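Morning, everyone. Let me put the model up, and then we'll go through a sheet, the ligand shell and a helix.

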Amino acid sequence: SLEPVKPDYDVLVIGGGLSGCYACHRMKELNLSVKVLEAGTSVGGTWYWNRYPGARFDSESYTYAFYFSPELLDEWKWTEHYAPQAETERYIRFLCDRLKLWDHLQFNTYIDSAHWLDQDRVWTLTDKSGKTYNSRFLITGIGVLSNPTLPNVPGVADFKGEAYHTSRWPKTPVDFTGKRVGVIGTGATAIQAIPVIAETAAQVTVFQRTANWAIPLRNAKISDDEMEKIRSGYPEMLIRINETRMGFMHSACGDSIWDYTPEEREVFWEKLWALPGFPFWLSNYKEIMVDEKANDLVTAFAAKKTKERVHDPWTADKLIPKNHGFGTRRVPMETYYFEAYNRPTVRLVDLLETPFERVTEDGIITTAEEFKFDILVYATGFDAVTGAFDAIDFRGTNDHSLRDEWKDGPRTYLGLTVEHFPNMWMSMGPHQAYGNIPRSIEYAVGWIAECIEYCRDHDISYFEATAAGVQDWTDHVHDLGKDLLSNKVDSWMTGVNKNVAGKQKRIVARYMGSAPEFREKCKEVANTDYSTFTKM
Ligand code: NA7
């Protein structure tokens, strides 16, 4: 029609996870009208969808929350060093209560398309039911790992028993007691779920394609005394997590592996191994993620650790990755994962030896065997990073399609904006610093909020990344990643998903400079009055 489209809102936010909630808060603070559109029936994003058994943080709870409000930090009590899903979901609901976000959140709203109307300088979003929403500005908070994928194996729809993707887990807990369970996948999710499922199931068969390195989480409860200490330590903790490369509390060791004897390395690695969580990965010698020789040494140490824990030698050997070195894919943290295979009820099937033929009404057939199951658990991961964007038909100026724009890999400016997509900002889009995600979200959304405030205060109704900006940033991100062993391996971190057409080729999905460097770059741009953007 020729009638100009008036925005219903100043700002629309897609996604009611941590990004969406914080964006909502910041927009409210600016007195802008804001609506958050969320597909689920409530808030939480990742922590709403992933309620599978064993789901929990791999990072210390008290570093994985928002730090913007000392009051909120002070009020909240974590009960475990690595919080389980239910606690995190409660935490996010607590944020919504305290920040009075509920009225701005709309659930059961799955956005299909987001189109920019050039003439009106308005974003118009359409949900699955055909309802539309218009705004001046658009923020995406659609997640890095939010678009789940099922295996591309024939017959997946034929199975008549219970079947769940771990990221679409039902709210009523699944009862595994006495059941024959097939688990597909051995990523971070499966590694959390398998030991818990094995506690009650009659039989667990794990179908593994690629083994993963995993290290002990060593979770523990937080006592009231400990929580008091954590609370009084928040100001120092904030300084620390702002300094580290990935926003975690663990700093890089910085030492060269070649300055130490094999015996000294062994002592150092034993020390790191005994620590809870990430240190063995993040605080290791500086070469392990870039130098294959160094990586081989740490890989041999990790392999020895796995062998010691699994009784059956065939299974132990299969659980040790052969095609990628330690740390080159996202390292899952585990709680008695390897010991689960010592139960007589748990069996590993190597899909490289005996691939799937099909899923049937009552089980799975591989090239070697027919399996009967009551329950199938698909821990098969996500169309990651760009996948959540591909699921929505984003159209920018002159009908530019984001899917087309990114078909050979994402192209962004600061990981926050895209050329041809004016007035749109991404929280946790590709080419952003990830690491400790809530830290990254707090920074990205903060930057976006200041940018929108600038637009408001300067009557800017058109704000767009330039071709030059996008080229520079994309080159920079590629450059930073070129020596990384993790960029030479297939994984969700390199955008590879064998179940999705067009996702077989590796891309540079993540910014791999340090978080402080990322923030510095973004700050420089803001400090020049966003001079590297087109503003009208
Ligand atoms: P991941 O880490 O992507 O793991 C998915 C797993 O599912 C992985 O072992 C895959 O094997 C396996 N998979 C996927 N498709 C198939 C088919 N078709 N056949 C057999 N096996 C398959 O996802 P997660 O949910 O575990 O973890 C995601 C992130 O969440 C994690 O890294 C943390 O950051 C939090 P493959 O490796 O592709 O051979």
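First, terms: two strands pair if DSSP finds at least two bridges between them. Helices (H or I, at least four residues) and strands (E, at least two) are DSSP runs, numbered from the N terminus. This is a predicted model: local features need pLDDT of at least 70, side-chain atom pairs count only at pLDDT 80 or more, and totals for chains, interfaces and linings use all residues. Residues are numbered from 1 along each chain as its sequence is written.

The sheet, then. Three strands form an open sheet, in the order β13-β14-β15, with antiparallel pairing. At the edges sit β13 (356-359) and β15 (370-372), each pairing on one side only. Between β13 and β14 (residues 363-366) there are three bridges, in the antiparallel sense. V359 stands opposite I364 in β14.

Next, the ligand. How many residues surround the ligand? The count is 22, where near means a C-beta atom, placed from the backbone, within 6 Å. The closest are P151, G185, G187, T189 and G381. Helix α5 (residues 188-200) gives the largest share of the shell, three residues.

Last, helix α17, residues 515-527. Its buried residues are A515, F518, C522 and V525. Buried means 20 or more other C-beta atoms within 10 Å of the residue's own; exposed means 12 or fewer, partly exposed is in between, and C-beta atoms are placed from the backbone. Down the axis of α17, the buried residues fall within an arc of 90° (directions from the helix axis to the C-beta atoms), so they line one face. The face turned away from that buried side carries exposed E520, E524 and N527.

Notes:
Expected span 1.5 Å × (residues − 1).
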